[in-house]
Amino acid sequence: MVKSLRVRDTYTLSLGKGESCLIRFLFGLLRMDGCVDLMLTDVSSRKGSVYVQREVSIKVNEGHKLTPIDCRKIAQLSIEFILGSKNSANFLITFSYRYHGAKNRRISLISDQYLLLLKYYDGFTRFRLVPWRGLFRTPPKAVLRMLLWESGFLK
C-alpha cells in the first residue's frame, strides 16, 4: 500500500479575544520571516539523511500579487484590522531547502508552501493553516508550533 505524500489536513485555531492577540500574531509572522536553520531530512539523490538549510519567507496576498511582509506592511494590516476596514488577510508561507553537494555546489530541493488565512471579527483572532504544495519536509504541526512560538502564545 502506497501512502500519499500530500498532506491534506487543515488546522484552524482561535488565538483569543482582543486587539493584542491580533497584533502579537502579526508581529510573530514578521519575526518568523527570514529565519534560517538547519534540519535533517532525506534526499533522493543520497543514501540516508542530510542536513539542509531551511529558510522561511512570508508574503501577503494583496489583490492579485504577493508582497513580502515588512514592518510597514504589518503595521498597515494591524491598523486596517483594528479600524474595521479589513477583516481577513491571506499569507503564503514558503520553506526553501538547500544543501551543499559535491564540489561544494548548492543544491535546492522542492519548497514547501502553506496558505495562512487570518480572520479578525467580533474582536476574535482566528487563523487557518492549509498545506498547499511540496513534500512537506516541515510538517503542518511544526509550522503551527513555529507560528505560535514566534507570536508568544507558547512559552
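## A buried arginine and its partner

Arg-54 is buried, with a relative accessible area of 10%; buried means under 20% relative accessible area, exposed means over 50%, and partly exposed lies in between, using a 1.4 Å probe and protein chains only. Before we go on, please note that this is a predicted model, where local features need pLDDT of at least 70 and side-chain atom pairs count only at pLDDT 80 or more, while totals for chains, interfaces and linings use all residues. Residues are numbered from 1 along each chain as its sequence is written, and side-chain values use heavy atoms, with hydrogens and water left out.

Which residue does Arg-54 form a salt bridge with? The partner is Asp-37, and the closest N and O atoms are 2.7 Å apart. A salt bridge here is a side-chain nitrogen of Lys or Arg within 4 Å of a carboxyl oxygen of Asp or Glu. This pair links distant parts of the chain, with Arg-54 in strand S3 (residues 49-62) and Asp-37 in strand S2 (residues 36-42), 17 residues apart. Helices (H or I, at least four residues) and strands (E, at least two) are DSSP runs, numbered from the N terminus.

Two strands pair if DSSP finds at least two bridges between them. If you look along the pairing, you can find Leu-40 opposite Tyr-51 in S3.

S2 and S3 form a hairpin, with six residues between them. In the turn sits Gly-48, which has a positive phi of about 85 degrees.

## Other salt bridges

How many salt bridges are there by this rule? The count comes to five. Another one of them joins Arg-98 and Glu-55, with the closest N and O atoms 2.8 Å apart. Here too the pair links distant parts of the chain: Arg-98 is in strand S5 (residues 88-100) and Glu-55 in strand S3, 43 residues apart. Arg-98 is buried at 18% relative accessibility, whereas Glu-55 is partly exposed at 29%.

A further salt bridge is found where the side chains of Lys-86 and Glu-80 meet, at 3.7 Å from N to O. Both ends are partly exposed: Lys-86 has a relative accessible area of 26%, and Glu-80 has one of 22%.

## A closer look at Arg-98

The side chains of Arg-98 and Glu-55 also make a polar contact, at 2.8 Å. A polar contact is a pair of N or O atoms within 3.5 Å; within protein, one must be able to donate a hydrogen and the other to accept it, and residues adjacent in sequence count only if both atoms are side-chain atoms.

Which residues is Arg-98 in contact with, leaving aside its neighbours within four places in sequence? They are Val-52, Gln-53, Glu-55, Arg-106, Ile-107 and Ser-108, where contact means heavy atoms within 4.5 Å.

## Aromatic pairs

A pair of aromatic rings is described by the distance of the centres and the angle of the planes. Rings of Phe, Tyr and Trp (its six-membered ring) pair if their centres lie within 6.5 Å; planes under 30 degrees apart count as stacked, over 60 as edge-to-face and the rest as tilted. By this rule the model has four aromatic pairs. One of them is stacked, because the rings of Phe-25 and Phe-127 have their centres 4.8 Å apart and their planes at 20 degrees. Phe-25 lies in helix H1 (residues 19-32) and Phe-127 in strand S7 (residues 124-133), so this pair ties together parts that are 102 residues apart in sequence. Phe-25 is buried at 0% relative accessibility, and Phe-127 is buried at 1%.

Phe-95 and Tyr-114 form an edge-to-face pair, with 6.1 Å from centre to centre and 90 degrees between the planes. Phe-95 is in strand S5 and Tyr-114 in strand S6 (residues 106-121), 19 residues apart. Both residues are buried, and together with Phe-136 they form one aromatic cluster.

## Cysteines without a bond

How many disulfides does the model have? The count is zero, where a disulfide is a pair of cysteine sulfur atoms within 2.5 Å. The sulfur of Cys-35 is 14 Å from the closest cysteine sulfur, in Cys-71, so that pair is too far apart for a bond. Cys-35 is partly exposed, with a relative accessible area of 30%, while Cys-21 is buried at 9%.
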